[in-house]
Amino acid sequence: MAELKLQHIYKRYGNVTAVGDFNIEVADGEFISFLGPSGCGKTTTLRMIAGFEKPSEGVIMIGDQEISNAEKGYFLAPEKRGIGMVFQSYAVWPHMNVIDNVGYPLKIQNVPKEERLKQVMEMLELVHLKEYAERLPSQLSGGQQQRVALARALVAKPSLLLLDEPLSNLDAKLRESMRFEISAIQKEMGITVIYVTHDQSEAMTMSDRIVVMSMGKVQQIGKPYDIYTKPANQMVADFIGLVNFIPATAKGDRIFMQGDEAISFPNPKKLAGEAVLAVRPEQITLSKTGGMVEGVMNHRFYMGDSVDYRVKVKDHIVRVIQKGAGYNTYQDGETVYLDFDNVMSFAKDE
Amino acid sequence: MKKSLPRLDSKFIVIAISVLLLLYFIVMPLLVLIYDSLFINGVFDISNYKDVYGKKVNWKALTNTIQLSLIVMVASVIVTFPLAWLVGRTDLPGKKTFRTVLVASYMIPPYVGAIAWVQLLNPSVGYLNEFLKFIFGLQKAPFDIYTMGGLAWVLTLFYSPFAFITISRAMEKMDPTLEEAARISGSSPLKTLWDVTLPLMMPSIVAGGLLVFIAAASCFGIPAIVGMPGNIEVMTTRIVTFLYMGDDKGIRDATALAVSMMVVANGLLMFMSWMLSHKDYTTISGKSTRPNMVELGKWKWPAFAVVAGYAIIAVILPLSSIVVTSFLVSMSKGLALDNFGIDAWIPVVTSSQYMESVWRSIGYGIVAACIGTVLALFVAYLSVKTNITGRSIPDLLVVLGGATPSIVIALALIVTFSGNYGLNLYSTMWILIVSYLVKYMTMSVRTIAASLSQVHISLEEAALSSGASWIRTCKDIIMPLVAPSIVAGWFLIFMPSFYELTMSNLLYGSDTKSLGVLLYELQTYADTQNASVLSVIILLIVLIGNIILNKVTKGKVSI
Ligand SMILES: Nc1ncnc2c1ncn2[C@@H]1O[C@H](COP(=O)(O)OP(=O)(O)OP(=O)(O)O)[C@@H](O)[C@H]1O
Ligand SMILES: [Mg+2]
């Protein structure tokens, strides 16, 4: 019922293109995150789905109903889209108590008072706010206000829920627990969710699929595992997790590390000419005895549960992270060997 | 470290002097006024109040004042809220221009507005009345300005900007996602306005309304020009009438009325600031997104027409009337092309008596503004930049002065500085200047305090630690940074002082007749044309002042 389709969506402000050619089909009950650096167009896209911004081009559909069609100049008003939304600033109405805030969408639908109260209390139960029902927002903490906002967005049982960085104003601990609450509620209600964030661990843990965006463009859409292990390009690899980039040259079915042509890797993408090798620091094994690549220990940072090494390989500094307490195993200046468990390759300036 | 003592001293002396001045010129006169109203020859006696409120005229004046102020308050809010919403929250065409025009009457002296509306709507030859008679073939003038309705009309047009400014500021501060949250909950734009915007704005609406109420109740110029000819008396005109009697009894009756006014005005203002500090929802907001303008759709142009119509009636029509009248050759010939010329201007600009008043008022304004700005700077500095106990007392005293109705201030200064308490300023220019300072310093303090609070304390400490004295630090570091706000603060005292009427009218002497008083006399002698010429001169000076102010503060402050 709540499949969401965005087809060739553009949003331009003057000659700034905030969003360019956004395409996605979201399945019913799917949890999708929009992930990307600040200013990449996440909020703009979300607000176009909600109806607060008009796309300059393209079509948005919920199910088989068009809710926005720029070519026809047709834009359904936000209040008619039947969407729930949670704002970054909570947007809990300060002049209404918790019950009235949460009950407002039902009041608009003329749900009788008794029935309304029953549904509101159910919702408050779900977000663990039952004992705060009579309070005013000014008597609630940030996390509690955020949960009021969530309950309000869910109370009318929308089939699509939009969240714009709902956790970014909360402290780290609360953020963690809210993350699981939101996931649990989503599973329980079977609702479709679009979740905007620039926190990759949030996106990784909660989402069925992640949309990685940069400078108004979709860079990759995929499952968290695929995004991490098979990033579509250098930008995605860089944005998700940590990564070492090493300049290289592709010839035939091998890619040669710059500075030492003796070291080469397979070339599954059939790249040619200048290329970039990418290896994640935790996908490298360090040893004293031997491996693919030889290097010199440059620096070590003790992190408690792991050690963060910098190893000089030819002209490049390679970052290596090893679990466990290996800090004293190596000395600065010592010759070490690296084994790359998973080497990715990209064309240069992709 | 050694140098810290003398530094503290100079700061302390400057501040002590400021506080003493404020106590002497603001607090003492008000206390003397209260004392005079309650004690007769040193004996406690409330017969002043009994006498005053025992007379029917005074009761009538009181009920008139309350009735008028209530009507004006309600009308202002009803007119202003939709205007503020249209201008602040929707895609209304020409919003910026409308905003400027709608607050413009704020900088026009109220009595000039009154003169304009008398020209437009007086029952015998009002331009607008004549025009309507001609269009609809009426026998009788449809409107009579010299009525309660006429009075309420002019007061509303001239004081609704107080409400407009208060309400539209609150609207700009409001987090727009609060409205968006209602939209996405299923509420239409209009229902959102009703369920969310309006309740959130309520504290500001009440505050703006109360400001209008107080301003309307304290106004003298408009009731004097519009009400008196129709024998409509209000509190302010009653007080002036008592004073014109000139005897002790008259003054005592006036003090009783004035003290009642002061209590009500200050009481309402205290209630207002209490309410705003307890119920101001607009300051509660997280990180907000860009404001999303409500699209008016097919209502866009009808709304434009309504707002434009209001702007024309409220501002453009009266201003045009004044300007046109000043350029008529003969009042009796009406609006004919060959009847235009500068004939009325020549006698005014060549009259030494008139021009003396103009220059005198400019001079008084300059003196008041210079003294006031220096004082305001110290007061603002004290309240936002130091942590001496009682640092905000001077600020409070200044606010008290500004909140007190002009007529009350004038009376308090008369009873205090006529020699009974040491200083005799009666009939000198200084009593006028003191009155301007008491009434108008508060805006200046606010403006300077706002910019001072943005100058970080570390800048100052850096100067102090490099060995500069406190005075030197003020001059070298603080002054240049807050200079624009100081210029603004200067104009905020200069402009209203320069065209002041209510207080000047009671305090002037034979050699200190100010421009406002002169204009008021000309109007009451029915010399409309000379009054119009002088009004245009005032408007020009105010306009120039505002342009300078706008340039200096880059549009952040205007009157
Ligand atoms: N009304 C507007 N006028 C001009 N440019 C705009 C407007 N709204 C957004 N933009 C631009 O569009 C781009 C995308 O903005 P958007 O708010 O969608 O970013 P975001 O991904 O949500 O960033 P953040 O993580 O900081 O919230 C930005 O470069 C922004 O400057
Ligand atoms: Mg955003």
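## Two domains of chain B

The C-alpha centres of domain 1 and domain 2 of chain B are 25 Å apart. The contact draws 30 residues from domain 1 of chain B and 27 residues from domain 2 of chain B. This is a predicted model.

The domain assignment builds each domain from two segments of chain B. Domain 1 covers 1-38 + 347-559, and domain 2 covers 57-111 + 148-310.

## What the domains bury

Together, domain 1 and domain 2 of chain B bury about 2,500 Å² between them. Carbon and sulfur atoms carry 79% of that area. On the side of domain 1 of chain B, the most area is lost by Ile407(B), Leu411(B) and Tyr520(B). These residues together make up 21% of what that side buries.

Polar links are also counted. Between domain 1 and domain 2 of chain B there are 2 residue pairs in polar contact, both at pLDDT 80 or more.

## The domain 1 side

Several helices of chain B give two or more residues to the side of domain 1 that touches domain 2. Among them are H1 (4-38), H17 (406-416) and H23 (528-553). By residue class, this side of domain 1 of chain B divides into 22 nonpolar, 7 polar and 1 charged.

## Helix H11

Helix H11 of chain B spans residues 235-245 and is mostly covered. Of its 11 residues, 8 are buried. They include Met235(B), Arg238(B), Phe242(B) and Leu243(B). Just after H11(B) comes Gly246(B), with a positive phi of about 85°.

How values were computed
Residues numbered from 1 in each chain as written. Chains lettered and ligands numbered in written order. Predicted model: local features only at pLDDT ≥ 70, side-chain atom pairs only at ≥ 80, totals over all residues. Heavy atoms only, no water. Buried < 20%, exposed > 50% of the residue type's maximum accessible area, 1.4 Å probe, protein only. Helix = DSSP H or I, 4+ residues; strand = E, 2+ residues; numbered from the N terminus. Domains from an automatic or database assignment. Contact = heavy atoms within 4.5 Å. Buried area = accessible area lost by both parts, 1.4 Å probe. Polar contact = N/O pair within 3.5 Å; in protein donor to acceptor, adjacent residues only side chain to side chain. Nonpolar A, V, L, I, M, F, W, Y, C, P; charged D, E, K, R; others polar.
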